[in-house]
Amino acid sequence: FHSKKSFRVNFPKGTDFGGRTEINLLASLADPTDLLEDFFYDVMAQTRVIAPFARKVELRVNGTYYGLMTDVESVSSKRFLQSHGIDPAATIYRTAGYFDFHMLSSQQDWAKAFDQDTNKKTPDLVPPIEFVKAINRTPPDQFASWLSARMDVDEYVNYLVGNALISNDYIQHSRSYLIYEPQRQFWTFVPWDLNNSAMISWNETWGADIVVKPAYAQFTPVPFTAFEFAYRPLGHDDSPRWGVLSTRVLQTPELRAKFIARLQEALNTTFTPDVMNPYIDKLYAQIEPSALADPYVNATLFKGGPAWLKQYVADRRQFLLSQIPALQALGHSGLTINEIGPSFVELHNATSAPYDLSGFYMSNDLHVPQHYTFPKGTVIPAGGFLVVKQVEVSASGGEAGLFKPTTLEQGLAGDSGVIDLVYYGPLAAGTSYARTPAGSDTWAAQDSPTPGS
């Protein structure tokens, strides 16, 4: 429906175009600055993530200047694998949906045939299905070591940092890529669609107010996790959309510490006005003549782009620095899911005051939080325990969550409503998972469940 069209160019077999078999040329019509897509991909690359390159090019169609386009590197090719040191025989999976690596069940109206989406061949779906199952069912005491054996955890944490810097809000894993190297049984996550940032989507009607109004810089530092500001699970969205992998990474103490340390490093080194402002000026200077000749460009908005983007960097950096204490306190409310057994979930109040749970929720499906509502007058005494049997616990593994009611305003102000979340693996008869000691960050399997104590 855009006046300026994007192009995908496929080259005939045997055509030499720098080793590329196709090029993706994005019209970037929602960005009147013509700076943002380069900015998004460059910032992600600066965080030390395997990501496609993006660069501005001029496009001429039958000799007529069509305008400035963004050339985004294709991920679904051996050239991409080789340039990033990945086994050329690896399988490239294209994902879709709002949950972790959800595979397309049917062709979407905007999609090409599936044989063009997965390394140009019919893929083996067993590895990603098993991978996703394990993301959701590996118990908390094993999760960090399990993930480290299958992914470069530092690189994935860097990706979460990049998301925070560019306010990537609309799509996280959707339409991104999972690359599987069968010999190593190793996974690489490659982001895509980085232009779906709050900088664009929160400006009314998808970018219409860019440059006219300041960029929205107070968006959650943990987008598309259960802890994000805009996640409104308690009646504000019929199907809350977030990723399990990113949520579990931030929920795991040692991995959350990595994220915070890397975010602080980026905010103190690369994502500063001293570094970013000259980069923005250089980027603008490179494209100015081409953009002003582009028949689709608004010259006034384009010229206002550098100052607008520089202000975003300053505002975003200040906001993220202010959020570090909240990130460090994640999962330390004093009220925890303390033990899970074959027929019970135990809560523990580690605070020195009674905890009133009236109207709070528990669920064994974290995308549907309002499974069970605690009746009025439900109180856990200071240092006490509460055994909940109204939420079914699956012996084959599952999840449990404790939530509090939140308003839309509270959600946008930073209160996600999440008190505690737990993912657990299969439970043998007569066993449980428990925090050891009670209320701590350390989980362990127990041969003798101890509900209520």
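**Ground rules.** I number residues from 1 along each chain as its sequence is written, and I use heavy atoms for side-chain values, leaving out hydrogens and water. Since the model is predicted, local features need pLDDT of at least 70 and side-chain atom pairs count only at pLDDT 80 or more, while totals for chains, interfaces and linings use all residues.

I began with an open sheet of 4 strands, whose order is 1-2-4-3 with antiparallel pairing; strands (E, at least two residues) and helices (H or I, at least four) are DSSP runs numbered from the N terminus, and two strands pair if DSSP finds at least two bridges between them. Strand 1 (7–10) and strand 3 (54–61) stand at the edges with a single partner strand each, so one side of each has no neighbour in the sheet. From one strand to the next the twist averages 35 degrees. I then found that strand 2 (residues 22–26) and strand 4 (residues 64–72) run antiparallel and are joined by 3 bridges, with leucine 26 standing opposite threonine 70 in strand 4.

Helix 1 (residues 36–46) packs on this sheet and touches strand 2, strand 3 and strand 4, and its direction makes about 145 degrees with that of strand 3. For such angles, axes are lines fitted to C-alpha atoms, for helices over the stretch in contact, and the angles run from 0 to 180 degrees between N-to-C directions. Helix 10 (residues 273–292) lies across strand 3 and strand 4, and runs at about 145 degrees to strand 4.

**Entry 2, strands 6 and 7.** I noted that strand 6 (residues 177–181) pairs with strand 7 in the antiparallel sense over 5 bridges, and that leucine 178 has phenylalanine 189 as its bridge partner in strand 7. The two strands form a hairpin with 4 residues between them, and glutamine 185 in the turn has a positive phi of about 55 degrees. In strand 7 (residues 186–190), 5 of the 5 residues are buried, so this strand is largely enclosed by the rest of the structure; buried means under 20% relative accessible area, exposed over 50%, and partly exposed in between, with a 1.4 Å probe and protein chains only.

Threonine 336 stands opposite histidine 348 in strand 9. Both faces of strand 9 are covered, with Phe344, Glu346 and His348 buried on one side and Val345, Leu347 and Asn349 buried on the other. Strand 9 is also joined by 4 bridges to strand 14 (residues 385–388), again antiparallel, where valine 387 is the bridge partner of glutamate 346.

What does the side chain of glutamate 339 make a polar contact with? The partner is the side chain of serine 432, at 2.8 Å; a polar contact is a pair of N or O atoms within 3.5 Å, where within protein one must be able to donate a hydrogen and the other to accept it, and residues adjacent in sequence count only if both atoms are side-chain atoms.

The C-alpha atoms of isoleucine 419 and glycine 401 are separated by 7.6 Å, although the two are 18 residues apart along the chain.

Definitions and conventions. Contact = heavy atoms within 4.5 Å.
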